[in-house]
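Open the model in your viewer and keep the sequence panel beside it. This tour goes stop by stop: what to select, then what is there.

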Amino acid sequence: MVKNTLLQVWPIPAFDDNYIWCIHDGESALVVDPGDAVPVLRYLDEQKLTLKGILVTHHHPDHTGGILKILQSLKVAIPVYGPAAIAIPGRTEGVMEGDKIDIAAPRLSLKVFEVPGHTLTHIAYFANMQSNVLEPMLFCGDTLFASGCGRLFEGTPTQMSESLGKFAVLPKNTLVYCTHEYTLSNIRFALAVEPNNANLLAWAQRAQELRDQHLPTVPTTIGQELQVNPFMRCDSKEVLESALRISGETALLTPPHVLAVIRAWKDRF
Ligand code: ZN
Ligand code: FE
């Protein structure tokens, strides 16, 4: 018999500001980017969930450091999905652009995007509308944050621009499960880029209220990010004007060039 319970997605806080997302149906669970095993194993135990798989977006230790310890604690082998293009200890299934992952429990189909920028082999997982999912979901690792984007450790601004472009065309109600609570500092920078963005000003107040209550500011949505995230707005007049002002350039900048200017600005902000 196939269970068709509504899926739930909960954050497991780790380190200072990481979120390890747990997707479950009340019995079976997946975790995304387990940088630390301890909080994951505690959460699964408390919620009486059976871990059925692990999804990994990129090779950084704060996203992969708990994998081996989690696997050692289980009695059965489970699949560990991750980018095919790089070796990650514990990974069993290498995936790439366009791959579809069908998971039986919790019942979920995911599509893989390659999103280079933060790292060269970074991937994201997208779940579109299904009978047991109310809204599409995106697990984007360190590529997209609420009101910000990941640092360019390995990739180029053009790659990041194209990667964010893949997200920009997803349904606006897609829930975006970011892996860090960086929102308030991202908003401070976003306001420097777009001081008159009314949506951003309203979001700044709402995000502060959430943090004052120690609540996560994520998931965000694609629709929200298109309104408030300067890195998703590199084709807007306001962000272009700020990029021209800060770079001292007078020529028309393309969106990847605008992204390069504001990413470099944020790195020293
Ligand atoms: Zn990272
Ligand atoms: Fe990270």
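Buried means under 20% relative accessible area, exposed over 50%, and partly exposed in between, with a 1.4 Å probe and protein chains only. The model is predicted: local features need pLDDT of at least 70, side-chain atom pairs count only at pLDDT 80 or more, and totals for chains, interfaces and linings use all residues. Residues are numbered from 1 along each chain as its sequence is written, chains are lettered from A and ligands numbered from 1 in the order in which they are written, and side-chain values use heavy atoms, leaving out hydrogens and water.

**Stop 1: the zinc ion**

Select ligand 1, the zinc ion, with its protein donors His 58 (NE2), His 60 (ND1), His 118 (NE2) and Asp 142 (OD). They lie 2.2 to 2.3 Å from the zinc ion. Donors here are N, O and S atoms within 2.8 Å of the metal (3.2 Å for Na, K and Ca); water is not among the atoms, so sites may look incomplete.

The angles among the 4 donor atoms of the zinc ion run from 86 to 172 degrees, and the site is irregular. Four donors are tetrahedral if all angles lie between 85 and 135 degrees; four are square planar and six octahedral if opposite donors are over 155 degrees apart and all others between 65 and 115; anything else is irregular. For reference, ideal angles are 109.5 degrees for four tetrahedral donors, and 90 or 180 degrees for six octahedral ones.

Now trace the donors of the zinc ion along the sequence: their spacing is H-x1-H-x57-H-x23-D. His 58 sits in the loop between β4 (50–55) and α2 (61–64), and His 118 in the loop between β8 (108–114) and β9 (123–127). This pair links distant parts of the chain, 60 residues apart. Helices (H or I, at least four residues) and strands (E, at least two) are DSSP runs, numbered from the N terminus. Both His 58 and His 118 are buried.

**Stop 2: the iron ion**

Which residue coordinates both metals? Asp 142 does, and the zinc ion and the iron ion are 3.3 Å apart.

Select ligand 2, the iron ion. Asp 62 (OD), His 63 (NE2), Asp 142 (OD) and His 180 (NE2) coordinate the iron ion at 2.1 to 2.3 Å. The site of the iron ion is irregular, with angles of 84 to 166 degrees among its 4 donor atoms. The donor spacing for the iron ion reads D-H-x78-D-x37-H. Asp 142 lies in the loop between β10 (137–139) and β11 (144–145), and His 180 in the loop between β13 (175–177) and α5 (183–193), so the pair ties together parts 38 residues apart in sequence.

**Stop 3: around His 180**

Stay on His 180. At 4% relative accessibility, His 180 counts as buried. The side chain of His 180 makes polar contacts with those of Asp 17, at 3.0 Å, and Asp 62, at 3.1 Å. A polar contact is a pair of N or O atoms within 3.5 Å; within protein, one must be able to donate a hydrogen and the other to accept it, and residues adjacent in sequence count only if both atoms are side-chain atoms.

**Stop 4: aromatic pairs**

Show the rings. Phe, Tyr and Trp (its six-membered ring) pair if ring centres lie within 6.5 Å; planes under 30 degrees apart are stacked, over 60 edge-to-face, and the rest tilted. By this rule the count comes to 9 aromatic pairs.

Select Phe 145 and Tyr 182. Their ring centres are 4.9 Å apart and their planes at 70 degrees, so the pair is edge-to-face. Phe 145 is in strand β11 and Tyr 182 in the loop between β13 and α5, 37 residues apart. Phe 145 is buried at 3% relative accessible area, whereas Tyr 182 is partly exposed at 31%.

Next, take Phe 189 and Phe 231. This pair is stacked, 6.1 Å centre to centre with 20 degrees between the planes. Both are buried. Then find the cluster that ring pairs build from Tyr 19, Trp 21, Phe 139 and Tyr 177.

**Stop 5: backbone checks**

Most residues other than glycine have a negative phi, and most peptide bonds are trans. Select Ala 105 and Pro 106: a cis peptide bond joins them, with omega about -5 degrees. Val 218 and Pro 219 are also joined by a cis peptide bond, with omega about 5 degrees.

Finish with Asp 33, a residue other than glycine whose phi is positive, near 55 degrees. Asp 33 is in the loop between β3 and α1 and is buried, at 1% relative accessibility.
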